[in-house]
Amino acid sequence: DVTAQKASEFEAREHTRILENALEGIARIEPDGTISYANTSFAELFGRSPDSLLGQTCEGLLAPGECLRLAELKLRAVQLGKVNAEVEGLRANGALFQADATLVPRDGGGVYLFLRDETERATFQGQLESQLLAISEMRLELEARTTELEWANAILAREATTDGLTGLANHRNFQERLADL
């Protein structure tokens with residue numbers, strides 16, 4: 001039926017247009033580990049063109065040790081239906097970046113890999129953790145200084161109300177007690 005075929009072709013073009021315009025990086029990874037599709041956002045994460053990624057494996061795209069981890073994540077995705085993890089990518093210029101990865105198994109084998117650049121979030125999180133540590137250290141220092149001041153104030157209050165020679169209550173202490181009556 002020609003109408004059904006045209007509708008199917010239209011839907012395929014529509015899905016491709018949606019994938020190409022997605023803000024998240026999307027790739028189709030075959031069972032042998034090669035990339036058979038990569039949208040523009042996916043390629044841009046790595047500083048490459050989509051066509052240059054076709055037929056490639058994760059070697060050169062992920063930090064050392066991450067390819068083995070990706071293979072484990074693919075197996076878990078097949079078992080669980082979907083897996084989320086953080087991975088470390090490698091841009092064409094050699095810069096590393098943090099990415100949030102979601103792997104979803106495909107019918108017939110392989111997975112879809114969705115990547116979102118999390119470098120900025122990871123940087124901000126590191127800065128926030130450093131600032132929280134600095135605040136905690138300041139709080140401890142403040143508590144120590146407060147204790148020192150309380151101790152010094154107690155000494156000053158005692159010295160202000162007692163005679164230094166005899167240790168007896170002085171005239172000021174007498175006047176304060178008299179006022180309390």
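Begin with what surrounds the largest pocket: its lining is made up of 13 nonpolar, two polar and one charged residues. Keep in mind as you look that this is a predicted model.

How do we find such a space at all? Rolling a probe the size of a water molecule over the atoms shows where empty space is left. Here, the largest pocket holds about 190 Å³ of space. It has 16 lining residues, and those closest to its centre are Ile29, Thr57, Cys58, Leu62 and Leu70.

Which parts of the chain supply the lining? Helix 2 (40-46), helix 4 (66-80) and strand 5 (111-117) each give at least two residues to it. Helix 4 contributes the most, with four residues.

Now step back to the chain as a whole. Its secondary structure consists of six helices and five strands. The chain is more spread out than a compact globule, because its radius of gyration is 33 Å, well over the 16 Å that the globule rule gives for 181 residues. Along the principal axes, the C-alpha trace spans about 110 × 40 × 30 Å.

Finally, consider the surface and the contacts. Of the 181 residues, 25% count as buried. The chain exposes about 12500 Å², with 57% of that supplied by carbon and sulfur atoms. Among contacts between residues at least 6 apart in sequence, 34% join residues at least 24 apart.

Terms used:
Residues numbered from 1 in each chain as written. Predicted model: local features only at pLDDT ≥ 70, side-chain atom pairs only at ≥ 80, totals over all residues. Heavy atoms only, no water. 1 Å grid on protein atoms, 1.4 Å probe; cavity = no way out; pocket = protein on both sides within 12 Å on 5 of 7 lines; lining within 4 Å. Points joined across faces, edges and corners; volume = space filled by probe spheres on them. Nonpolar A, V, L, I, M, F, W, Y, C, P; charged D, E, K, R; others polar. Rg over C-alpha atoms; globule rule 2.2 N^0.38 Å. Buried < 20%, exposed > 50% of the residue type's maximum accessible area, 1.4 Å probe, protein only. Contact = heavy atoms within 4.5 Å. Areas by Shrake-Rupley, 256 points an atom, 1.4 Å probe, with all protein chains shown as cover.
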